[in-house]
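Let's take a friendly look at one protein model together. Keep the picture open beside you as you read.

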Amino acid sequence: MPTESGSCSTARQAKQKRKSHSLSIRRTNSSEQERTGLPREMLEGQDSKLPSSVRSTLLELFGQIEREFENLYIENLELRREIDTLNERLAAEGQAIDGAELSKGQLKTKASHSTSQLSQKLKTTYKASTSKIVSSFKTTTSRAVCQLVKEYIGHRDGIWDVSVARTQPVLLGTASAGELDTGLGVLLKCDFADNLPNRLTRDHTALLWSIETGKCLVKYSGHVGSASGDQTAHIWRYVVQLPTPQPVADTSQQISGEDEIECSDKDEPETDGDVSSDCPTIRVPLTSLKSHQGVVIAADWLVGGKQAVTASWDRTANLYDVETSELVHSLTGHDQELTHCCTHPTQRLVVTSSRDTTFRLWDFRDPSIHSVNVFQGHTDTVTSAVFTVGDNVVSGSDDRTVKVWDLKNMRSPIATIRTDSAINRINVCVGQKIIALPHDNRQVRLFDMSGVRLARLPRSSRQGHRRMVCCSAWSEDHPICNLFTCGFDRQAIGWNINIPALLQEK
């Protein structure tokens, strides 16, 4: 009779052994069959096209996975029993200590030791669950405290800057970089006592909007060249008639403060053409400020309204007399391009920031002496520096930090806020000392002056900014929108921040 080869015999024995093992499992453990029988039968089926070696490997791997889960389950049960034991021991020790009438110090020491052990066990075992619970609390809190009120959509390109006037009439103004990283400074002068947003963007226009209705009221298009590469700052005058305010829809139920839904950079607000096409257009400025040799990136009024300061990529800031348009002072000293300038609301002080990682404080309070102080502490471009109440300055940087400084002590900041993304033009709510941080990663966060995080503005796939947030601006007294933000998604957003509730949860 023909005899089988050794290899064939061995393969057949292994196959029979696996079948008998599978049968024994089916006979002795019906519950396991329901759980894993289907995959095993598929692997062991006669019609399977998998080689026997592959099926053996798969069975072995599945067995290892099952053993790992079994070990984890046993460890979990042991941890639960240990926690119960610790709870019982803690309760028993408390009773024994009371019976022994020990001193309060001994009682406190033993109770503290047992409590710390139990606390550590609980933290180790249920850390993930606790994090989820805390996140749910934050979501509810942020939704109630920070609400999106109005979106101002209509520009054809990204918006770079947004600001709110400090005196009546309250204005909201924005500016944007140019197509080839050029920028635009804007100065506003008005004969109108109401709340309007002004926005100046990469589509070479400035728009005024009604905050309440979101309607475009006035368009300014006086700059020439590639997005204000004309190296000038313009002052222009306007008079408008506000439309009747309409009730503001409640959008708080549609968004969540802790949403982390990623949006494509190609997602842009949908617009029905140019919303500013029907607006009155201003093409001639009241005054044009000229002296810079580079792009004007920012501008601000000095207290009193008779002088204005501009910042440029030519590494200088200029102080002008508004009535005559004459250059009063050229502020030199920065080693690289300027990124921002800001004036003190009540004193003749100017702060300029630069890509040279510093910002400088210029003092014009004494007409005969113009002093300058240099603040060093950042490791990357200082994107903005702004004044607060008292003798403090807050600076933001591309090094992902915000620092609070005391003007009387320049050596080190009194508070440092560390974040996960570069920070753009910040703004401080002067009355409540809350800092709004716009980020490159599309987020806007709120901190207090001591560095404690208060909230993050809601953002989802449907609402909020879809690209880098460039700037923020507070309007504390506005009854509907008290915070505005803008970004490269071509929209400005008005927010209602419930400041009392925000500070109460601090």
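## A word about the model

What you see here is a predicted model. Please keep that in mind as you follow each section.

Start with an open sheet made of four strands, which run in the order 19-20-21-22 and pair in the antiparallel sense. Strand 19 (382-387) and strand 22 (415-418) form the edges, and each of these pairs on one side only. On average, neighbouring strands of this sheet are turned by 15 degrees against each other, if direction is ignored. What holds the strands of a sheet together as pairs? They pair through backbone hydrogen bonds, in either a parallel or an antiparallel way.

Now zoom in on one pair. Strand 21, which covers residues 401-406, pairs with strand 22 over four bridges, and the sense is antiparallel. You can look for one example yourself: valine 404 has alanine 415, in strand 22, as its bridge partner.

How many salt bridges does a search of the whole structure find? The search finds five. One of the contacts to look for joins the side chains of aspartate 161 and arginine 425, at 3.0 Å from N to O. Aspartate 161 belongs to strand 2 (residues 161-164), while arginine 425 sits in the loop between strand 22 and strand 23 (427-429), so this pair ties together parts that are 264 residues apart in sequence.

Are these two residues buried or exposed? Residues under 20% relative accessible area count as buried. Aspartate 161 has 12% relative accessibility, so it is buried. Arginine 425 has 3%, so it is buried too.

## Two further salt bridges

Next, find arginine 355 and glutamate 337, whose side chains meet in a salt bridge of 3.6 Å, N to O. Arginine 355 is in the loop between strand 16 (349-354) and strand 17 (358-366), and glutamate 337 is in the loop between strand 14 (326-331) and strand 15 (338-343), 18 residues apart. Arginine 355 is partly exposed because its relative accessibility is 42%. Glutamate 337 also counts as partly exposed, with 22%.

Finally, aspartate 363 and arginine 365 meet through their side chains in a salt bridge of 2.7 Å, N to O. Here aspartate 363 is buried at 15% relative accessibility, whereas arginine 365 is partly exposed, with a relative accessible area of 48%.

Conventions:
Residues numbered from 1 in each chain as written. Predicted model: local features only at pLDDT ≥ 70, side-chain atom pairs only at ≥ 80, totals over all residues. Heavy atoms only, no water. Pairing = 2+ DSSP bridges. Helix = DSSP H or I, 4+ residues; strand = E, 2+ residues; numbered from the N terminus. Axes fitted to C-alpha atoms, helices over the stretch in contact; angles between N-to-C directions. Salt bridge = Lys/Arg side-chain N within 4 Å of Asp/Glu carboxyl O. Buried < 20%, exposed > 50% of the residue type's maximum accessible area, 1.4 Å probe, protein only.
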